[in-house]
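Today I opened my notebook to look up the open spaces in this model.

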Amino acid sequence: MKRFKRIITLVMSSLLIILLTACGKTSLAEQDVLERSQDANKIIWGVKNDTRLFGLMNIETGEVEGFDIDIAKAITKELLPNDGEAAFVEVTSKTRIPLLKNGNIDAIIATMTISDERKKVVNFSDVYFDAGQSLLVKEETPINGIEDLNENTTVLAVKGSTSAVNIREKAPTAKVLELENYSEAFTALQSGQGDAMTTDNSILLGIAEENEGYRLAGDIFTDEPYGIAINKNQDDFLKAVNEALTTLKQNGTYDKIYQKWFPNVERK
């Protein structure tokens, strides 16, 4: 019995030591990201793996590719010049902020629109891509912008989306047909059920790139800029990322990456 009590006491003491040690450590989310990335010579980026042109997994190479990926690599090179590694973790719109808040990733570069609501939870870098709502049409259509939409045109949108709300405000006389998802909306455009499809230009650019005979019509008509999300209380890292973005735009690297992925789209 005495031996059993000694074993219990030893186990409880060990657990107490482990707990005290854990409490003394700084959690991943609380660590200085800039300092940690410099020590590890690596920045961990949260990226999309299913978004054409921005972050899409290449099945043949097993590597994720896109505009976001190349920008992340270029920023990493600026911040970690001694062959620093840009590591990539797949995120979705649902998982990206929790992964950042938990310290599993250092930053999010994943077609993430800067918004006041999101600013309550994370900080954003300067704008790195001017996204916004646009129109996708067939090459031969006379529609060249939202001003060409009228009572004789039908616009395809996804049910319950902000795109459907916006198009009714921007082109009040046009008919709006709402479908379940992007795939159904594009199929409807192909079959002639509508004259134009509307959503973020980044999504429409991907569809146009994958399907010949389609183009974006006119400029964006809403402002939804993309930023790099960084955890709160990481001001040094945020400053370093913004300085790197400025350098990339000044030395021509940004333009080269932009032209690589969007050769037919004029940059504002």
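I sorted the lining of the largest pocket by class and found 15 nonpolar, four polar and eight charged residues. My classes count Ala, Val, Leu, Ile, Met, Phe, Trp, Tyr, Cys and Pro as nonpolar, Asp, Glu, Lys and Arg as charged, and the others, Gly among them, as polar.

I noted that this is a predicted model, where local features need pLDDT of at least 70, side-chain atom pairs count only at pLDDT 80 or more, and totals for chains, interfaces and linings use all residues. Residues are numbered from 1 along each chain as its sequence is written, and side-chain values use heavy atoms, with hydrogens and water left out.

I looked up the volume next: the largest pocket holds about 710 Å³ of space. A pocket here is an open set of points on a 1 Å grid over the protein atoms alone where a 1.4 Å probe fits, with protein on both sides within 12 Å along at least five of seven lines; lining residues have an atom within 4 Å of a point. A volume is the space filled by probe spheres set on the points, which are joined across faces, edges and corners.

I then asked which element gives the largest share of this lining. H8 does, with four residues.

I turned to the second largest pocket, with a volume of about 580 Å³. Its 22 lining residues include Lys48, Thr51, Tyr182, Ser202 and Ile203, which lie nearest its centre. By class, I wrote down six nonpolar, eight polar and eight charged residues for this lining.

Where does the second largest pocket lie? It lies between domain 1 (33-130 + 225-262) and domain 2 (131-224), because both give residues to its lining; the domain bounds come from an automatic or database domain assignment.

Terms used
Helices (H or I, at least four residues) and strands (E, at least two) are DSSP runs, numbered from the N terminus.
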